[in-house]
Amino acid sequence: MYRYDEFDHQLVAERVEQFRGQVERRVSGELSEDAFKPLRLMNGVYLQLHAYMLRVAIPYGTLSSRQLRKLAHIAREYDRGYGHFTTRQNIQYNWPALARIPDLLAELAEVEMHAIQTSGNCIRNVTSDQYAGAIADEIEDPRIISEIIRQWSTFHPEFSYLPRKFKIAVTGHAHDRAAIKLHDIGIVIVRNEAGEIGYEVHVGGGQGRTPFIAKKLAEFVPKDKLLAYLEAVMRVYNMLGRRDNSYKARIKILVHETGEEEMRKLVEAEFAQIDASKMLEVPQAEIDRITRYFEPPAFETLPAESAAFNKAQADDAGFAQWCRTNVVAHRQLGYSIVNISLKPIGGVPGDATDVQMEAIAELAEVYSFDELRVTHEQNLVLPHIRLDDLKAVYDRLVTHELATPNLGLISDAIACPGLDYCNLANARSIPLAQEISNRFADLDRQYDIGELKIKISGCINACGHHHVGHIGILGVDKKGTEFYQVSLGGSADEHASLGDITGRAFTEDTIVDAIETLVETYVGLRHADERFIETYRRVGLTPFKERLYAE
Amino acid sequence: MPNSKKLIIDGAESSNIWHCFDDETPLAEAPAIISLARLQDEGAELVAAGKKLGVILRAGEKQGEDVHALKPFLDNLAVVAIEFPVYRNGRGYSAARILREQMGFRGEIRAVGEVLFDQWQFMHRCGINAFEVDADVSLEAFQEALDELSAAYQPAADPQRGILWRRHN
């Protein structure tokens, strides 16, 4: 993975000192909360319902064991012993004291981490495929260009006061695990007919109160032109994006109001200007330097089958089940990709304790070439595990209650922090995720239901991605009472779609029954091994709606 | 410019010789900063009369004024004042870069409005060389802000080379 050089180290260190000065000016009263707000937001510090929250960037979701150990240490020393992994592959701490945040950031800098641009109206942390470099049939490891984008966008002088926040996601694989079509800019690494690698660029996707699937603005941007193209999109947005209403300020609204064709023309005109200067073509030597950090680790040459692995599965049904749900085929023979579910039955989605983080760090160090990933579905990944080692890894995970075999199943829900933490929320999300998880606790039943993505947001800002849940749940407030609106048929992958609202919202007493009704309806309607989303796309909303609102 | 402001041009405190005029007031002898609309209406005759001209580019909320509209007048403009009505409204950063990098403007680009400590370095990188700041800002503090980050990853309108380029000479 990428390692800082002296420039990276120096800039992060300077930023810590800059923020230390800003915090001192705030604490002394020289800076008002209003003037301090954009500065703390540039450094990942939010003011939540009960306390400040700090969001730490995990670029494209890749971590080393040393970094995860530091995150565990911070959870213990600066917070209440846990951290929360987010849908943008970051980690949040809910209870740090403002005065101690500069020290916390200095500790992060020791392990090449920071909280820069994890909030505020700037280009946020770049996200990517959690299986990058481990999955077969990848066109190119998306972390290479993600790292270049990370550097280009860091402290960008022109794009630090955008109309609104700006999120970029990259995938190098035909199967999109990074939800690129729901981002301000989504990049797909593609190969053209001449065999050259380049980028398909999607612009204007997003969720929130006005969800849109991104429009494909460019079919093929050559490799050396991507930064110029990105800068062109950003400049058009910075100049023309609305600043009169924060709900209409994202680039999705600009694309929608301008029209796809006109937007493409504007971007191409700006691109022609920037491209002519050649100033954003990164030297090949620098691309090569960054690429070397993402070369495959020193895999052993192993047979495709492992006798030890086969025997362990035969001996231990629980292990065999976990392998079926949480383990994915690796590009390298004899290896596998392990998903660690942070969705224990009845637990808080995405939370991990300091002790759990340390245990996972150790597994990464011993078994996975020191590498870890965070997924946008709020789980963790050990990307390179030998089949021979799977049982040992599993046993350690079981010890730490990290071996829930539910990846992609109904209890593997995304949930935003909701009214338990967030001052924007209308309703609680976490307790509802827990209730659903408890209702469907029986794993055999979950396996029978199969892949079903539930996504829960506590308000219309859609941090829990409810628009793209197979079943989406949105918390709404009616006269001080929490209600939940349900939508069906959303999806965040390469076949991205927005869910259809079923109708009248449910109370907290009836919402879990409603989910159960939807699941039973699906089970009754499905053909053979059809997944929920496939059945829904075949039969549509009506049969679900009829059952849901039958008296 | 109210007295509570100070003008820093190219790192030095400067007296402001420019007067801002609204669209109705007749222009006096002194150099005048006028609106884009007035520049478009009266620019040609003012230039013919030998008037020294500057313009203010308004940022707006729903939309801002288009920097490209200055193109026909650039040779006769000594100052382009770019408005930052609130720190959050960052349209002017793009306008400044386009002026410097694409339109070849070499005159003064002045940031006016809410122009705060933590923005100066980015503004400077975008090609802004004059800053209308609060009167109590010292030149030392100003210079400190300009040097706060010692390097930049990306190229912009200043001569500084991006780190992605500097690593390989």
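Two strands pair if DSSP finds at least two bridges between them. In this predicted model, strand S6 of chain B and strand S7 of chain B are joined by six bridges. S6(B) covers residues 77-84, and S7(B) covers residues 108-113. The two strands run parallel. Within this pairing, B:Val79 has B:Glu108 of S7(B) as its bridge partner. Between the strands, the chain passes through helix H2 of chain B, residues 91-102. This β-α-β crossover from S6(B) to S7(B) is right-handed.

S7(B) also pairs with strand S8 of chain B, residues 130-134. Two bridges join S7(B) to S8(B), and these strands run parallel. Here B:Ala111 stands opposite B:Phe131, a residue of S8(B). Helix H3 of chain B, residues 120-125, belongs to a β-α-β unit with S7(B) and S8(B). That unit is right-handed.

The contact between the chains was examined next. Chain B contributes 32 residues to it, and chain A contributes 34 residues. On the chain B side, the elements that give two or more residues are H2, H3 and helix H5 (163-166). H2(B) gives the most, with six residues. By class, the side of chain B that touches chain A holds 13 nonpolar residues, nine polar residues and ten charged residues.

Helix H5 of chain B contains B:Trp165. Is this residue buried, exposed or partly exposed? A residue is buried if 20 or more other C-beta atoms lie within 10 Å of its own, and exposed if 12 or fewer do. B:Trp165 has 17 C-beta neighbours inside 10 Å, so B:Trp165 counts as partly exposed. Along the chain, B:Trp165 and B:Gln154 are eleven residues apart. Their C-alpha atoms are separated by 8.2 Å.

Chain A was then considered by domain. The domain assignment gives domain 1 (6-110), domain 2 (134-288), domain 3 (307-399) and domain 4 (417-548) of chain A. How far apart do the C-alpha centres of domain 2 and domain 4 of chain A lie? The distance between these centres is 31 Å. Domain 2 of chain A gives eleven residues to the contact with domain 4 of chain A, and domain 4 gives eleven residues in turn. The side of domain 2 of chain A that touches domain 4 of chain A has five nonpolar, three polar and three charged residues.

Methods:
Residues are numbered from 1 along each chain as its sequence is written. Chains are lettered from A and ligands numbered from 1 in the order in which they are written. This is a predicted model: local features need pLDDT of at least 70, side-chain atom pairs count only at pLDDT 80 or more; totals for chains, interfaces and linings use all residues. Helices (H or I, at least four residues) and strands (E, at least two) are DSSP runs, numbered from the N terminus. A crossover is right-handed if, with the strands pointing away from the viewer, the path from the first strand over the helix to the second runs clockwise. Two residues are in contact if their C-beta atoms, placed from the backbone, lie within 7 Å. Ala, Val, Leu, Ile, Met, Phe, Trp, Tyr, Cys and Pro count as nonpolar, Asp, Glu, Lys and Arg as charged, and the others, Gly among them, as polar. Domain bounds come from an automatic or database domain assignment.
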